[in-house]
Amino acid sequence: MLGVDVPPLAGPIVAVTHDSRDVVPGGAFVAINGFTTRGADFVPQALERGATLIVAEEPIDGVPTAVVADDRVALAALATELAGHPSHDLTVHGVTGTNGKTTSSYVLHAILTGAYGEAATGLMTTAEVIIGSEHETAVRTTGEATVVQANLARMRDAGVQHVVLETSSHGIHLHRVDGTRYATALFTNLTRDHLDLHGTMEHYYRTKRKLFQWTSGPKLANADDEWGARLATEVEGTRTFGAAQDADYRIEAERRDGVRTVFELVTPGHGRLTLSIPLLGDYNVHNVAGAAGIALELGMSPEVLTRSVHEMAQVPGRFERVPAAVDLGFEVVVDYAHTDVGLAAVLEVAREVAGDGRLLCVYGAAGARDRDKRPKMGAVASRMADVAIITTDDAYHEDPQDIADEVMAGADPANTTIVIDRRAAIDSALRQAQPGDVVVVAGKGHERVQHLATGDVPFHDVTVVTELLASR
Ligand SMILES: CC(=O)N[C@H]1[C@@H](OP(=O)(O)OP(=O)(O)OC[C@H]2O[C@@H](n3ccc(=O)[nH]c3=O)[C@H](O)[C@@H]2O)O[C@H](CO)[C@@H](O)[C@@H]1O[C@H](C)C(=O)N[C@@H](C)C(=O)N[C@H](CCC(=O)O)C(=O)O
Ligand SMILES: Nc1ncnc2c1ncn2[C@@H]1O[C@H](COP(=O)(O)OP(=O)(O)OP(=O)(O)O)[C@@H](O)[C@H]1O
């Protein structure tokens, strides 16, 4: 299976992992040569925990080792074999791109659920893993191969038929989806990101292109994105969606209808469809158009498609409206925007919804990464919101006050204050909100934990907002 001779084994391998802390007796440990540490250093721990097979790129002194050309390829091969190649029994839909993967994945999942029923569908995204009616919080966008294969196997065993798999470029590049057979592929867009892993945009693009090269069935790329347009010319059988005149699935006549968006999708096989979606923002029209295109390419009826997107639930933590606020006459929106660009996008849509009302924004910058964006976020919030409250995001090992001060450096003190405690900051915004106003709580979206130097604490913005409103 690994293409190498393995040392004699006492019995069959019962499990595989790349993390010595997760080794079980009778399991295999793949010692990965990581970016920061060497898995080989943890072989003694793996053996202590009962590993009966050690796999590595180099022989390990004194330990019978199965030497492989690529440790991550081997990890995926073992994981896929142990899970029994579950993707071969499923229809797997891959969604990739820099932005919009999670939202597009939810839309496609909603359409597939509308067509085949909840029990027949599954989803793996940044926000959640869904197996039929069961929802679990996800850890990564695209988990390790062991996680991907185990989840696919659970879905197969539960009777799921269609799985939407959000596929990050890390997932592709680090072989987390090797062994997964994709039936369809959707590409949302490509913008500057993850260059620490890829080095160049060209490498980033080529990594995402692999998903399309692996997929035999329907493939759809965003014609309004230069990389998407290129993808359509480079991978045979790829069709396009977007507002571009030559897009196969063309977006037209987009308009906002309260807290919904209505648009027309001009399709190659079913003429002009009118879609009404509970999502706002031009980018979400693109996310729906791509997912709708895949569904139609699969042969789904336009009626099922139209009904499914009309009735779809909100996407967790992506412009998620908190119902409890609506009764009080204002809107509270929880969003995952955690960069200046993301914040500007969400505030632009929120401003439209607010109309003559005021826009209040609670936000913060994460610790331990990308300090440049902090003052930029401060500037965006001050410019676009009427009232801005800087608070703590995931501070990690940093002092939240230091981060807030750096955000404040770009903000206008005339409309910005700092409230370090996130619950108190949200409470302050809610207390100031009047009927007609919109409060945006940005940064953590679907997340349920806040990472602080003092430890992890449970924190879920939607829950906190709901609790605070209930206690009024
Ligand atoms: C940058 C990146 O992707 N890093 C991944 C990489 O880490 P690494 O090479 O630094 O690992 P390492 O710390 O050097 O450790 C080497 C090996 O020793 C093992 N080890 C380590 C300690 C120990 O006690 N025992 C042990 O066995 C580790 O499990 C690992 O196998 O290999 C690890 C094992 O495969 C991954 O867990 C890790 O993902 C980290 C956690 C991560 O944060 N990844 C993010 C960036 C990511 O993948 N994000 C994308 C989404 C991107 C997006 O679209 O926004 C995602 O799909 O989630
Ligand atoms: N098609 C799109 N184009 C540009 N921006 C988008 C698009 N879709 C969503 N966004 C923005 O990106 C944010 C994250 O959206 P989403 O979670 O769907 O993307 P993602 O690619 O899955 O990112 P992540 O994996 O970090 O969740 C949204 O809150 C929105 O501000």
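The model is predicted, so local features need pLDDT of at least 70 and side-chain atom pairs count only at pLDDT 80 or more, while totals for chains, interfaces and linings use all residues. Residues are numbered from 1 along each chain as its sequence is written, and chains are lettered from A and ligands numbered from 1 in the order in which they are written.

**Domains**

- An automatic or database domain assignment, the origin of the bounds used here, gives domain 1 (16-83), domain 2 (86-311) and domain 3 (320-470).
- The centres of domain 1 and domain 3, taken over C-alpha atoms, are separated by 43 Å.
- UniProt lists "domain: Mur ligase central" at residues 95-294 in an unreviewed entry, a span that is 37% helix and 28% strand with end C-alpha atoms 10 Å apart.
- UniProt also lists "domain: Mur ligase C-terminal" (unreviewed entry) at residues 317-445, where the chain is 40% helix and 19% strand and the end C-alpha atoms are 4 Å apart.

**Ligand 1**

- The shell around ligand 1 holds 19 residues, of which Gly34, Arg140, Thr141, Ser168 and His170 are the closest; a residue is near a molecule if its C-beta atom, placed from the backbone, lies within 6 Å of it.
- Ligand 1 lies between domain 1 (16-83) and domain 2 (86-311), because both give residues to its shell.
- By class, this shell has four nonpolar, 11 polar and four charged residues, where Ala, Val, Leu, Ile, Met, Phe, Trp, Tyr, Cys and Pro count as nonpolar, Asp, Glu, Lys and Arg as charged, and the others, Gly among them, as polar.

**Ligand 2**

- Around ligand 2 there are 19 residues, and Asn99, Gly100, Thr102, Thr103 and Tyr283 come nearest.
- Two or more residues of that shell come from each of helix H3 (101-116), helix H9 (282-297) and helix H12 (340-354), helices being DSSP runs (H or I, at least four residues) and strands likewise (E, at least two), numbered from the N terminus.
- Because domain 2 (86-311) and domain 3 (320-470) both give residues to the shell, ligand 2 lies between them.
- The shell around ligand 2 comprises five nonpolar, 11 polar and three charged residues.

How values were computed
UniProt positions renumbered as here; feature names shortened; annotations may be inferred.
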